[in-house]
Amino acid sequence: MTSAVPSFALLPGAGGSPVILHVPHSAREIPPEVRAGLVLDDAALERELDHIVDAHTAELAQRAAGASEVTPWRFVNRLSRLVVDPERFPDEREEMLAVGMGAVYTRTTHQAPLRPADADPGPLVERYFRPYAQAMTDAVADRLAVTGRAVIIDVHSYPSARLPYELHGEGPRPPVCLGTDSFHTPPELLAAAREAFAPCGETGLDSPFSGTYVPLEFHGVEPRVTALMIEIRRDTYMTEPGGPAGPGLTRLTQALAALVDAVSR
């Protein structure tokens, strides 16, 4: 059995836009054949999804795209990160393996078993992770070919209170956390984000989450690919955990659109 839901979607923007809004963790969908390999009962799975999903970030990206002067491209994961997490390394380089949350999670946000200890991640990596990575690589390559540059804005959210799985959760938890890469996040991109999100409250840097997504083909070698992660504290725009969005989403839409406009020029 295979999923009827596409694993991901590349939603075209303006031909001249260098910007890709990347939304990897917004979905709750789990194909039946993947669900069968999870040890949680239905109620526990729903609770886990409430904690782990970056709720409403796909809607945020959609709204911001519509409000931008030059429509950005959007690359959206249509499946839950409990299927695979496309932002992890698929091998021993991934530090989150220490808490059972590599490319294929074996433990929950609260460190309970999610999959059997002897579960083989290989089939899920081949079925879902590698096609996603290749499609994102192709999307970035296309923006480079057409516009001469690519700007990846990684759209995430995070809980107001630290969850047990967080390896680096002891630091500040500002309303907006900006995740950076020493090679791919130039000062002007960071400055544009700080200015755009200033109306949303304090912006912090690389705490409680750091780094940003760049396809491995370009990582550390292609300076024309720039990237920044936007981590929004969930209590600023929604009811935690897993509840509805509130008026804060409108403010964030305006901020993200302002950032897109600033880096599209």
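In this predicted model, Phe8, Phe75 and Tyr132 form one aromatic cluster. The structure holds four aromatic pairs, and one of them is the stacked pair of Phe8 and Phe75, whose ring centres lie 5.4 Å apart with 20 degrees between the planes. Because Phe8 belongs to strand S1 (residues 8–11) and Phe75 to strand S3 (residues 73–77), this pair ties together parts that are 67 residues apart in sequence. Phe8 is partly exposed, with a relative accessible area of 25%, whereas Phe75 is buried, with a relative accessible area of 1%. Phe75 also pairs with Tyr132, and here the ring centres are 5.0 Å apart and the planes stand at 75 degrees, so the pair is edge-to-face. This second pair links distant parts of the chain, since Phe75 is in strand S3 and Tyr132 in helix H4 (residues 122–147), 57 residues apart. Tyr132 counts as buried, at 2% relative accessibility.

The strands that carry Phe8 and Phe75 also take part in an open sheet of seven strands, ordered S1-S3-S2-S4-S7-S5-S6, in which the pairing is mixed. S1 and strand S6 (203–205) stand at the edges with a single partner strand each, so one side of each is left without a neighbour in the sheet. From one strand to the next, the twist averages 20 degrees. Strand S2 (residues 19–23) runs parallel to S3 and is joined to it by four bridges, and Ile20 stands opposite Trp73 in S3.

Turning to charge, the structure holds 15 salt bridges. Among them is the one between Glu46 and Arg28, with the closest N and O atoms 2.8 Å apart. Glu46 lies in helix H2 (residues 42–52) and Arg28 in the loop between S2 and helix H1 (32–35), so the pair ties together parts that are 18 residues apart in sequence. Both partners are partly exposed, Glu46 with a relative accessible area of 39% and Arg28 with 32%.

In the salt bridge of Arg224 with Glu222 (3.2 Å, N to O), Arg224 counts as partly exposed at 40% relative accessibility, while Glu222 counts as buried at 16%. Finally, Asp54, Arg81, Asp85, Arg88 and Arg234 are linked in a network of salt bridges.

How values were computed:
Residues are numbered from 1 along each chain as its sequence is written. This is a predicted model: local features need pLDDT of at least 70, side-chain atom pairs count only at pLDDT 80 or more; totals for chains, interfaces and linings use all residues. Side-chain values use heavy atoms; hydrogens and water are left out. Rings of Phe, Tyr and Trp (its six-membered ring) pair if their centres lie within 6.5 Å; planes under 30 degrees apart count as stacked, over 60 as edge-to-face and the rest as tilted. Helices (H or I, at least four residues) and strands (E, at least two) are DSSP runs, numbered from the N terminus. Buried means under 20% relative accessible area, exposed over 50%, partly exposed in between (1.4 Å probe, protein chains only). Two strands pair if DSSP finds at least two bridges between them. Axes are lines fitted to C-alpha atoms, for helices over the stretch in contact, and angles run from 0 to 180 degrees between N-to-C directions. A salt bridge is a side-chain nitrogen of Lys or Arg within 4 Å of a carboxyl oxygen of Asp or Glu.
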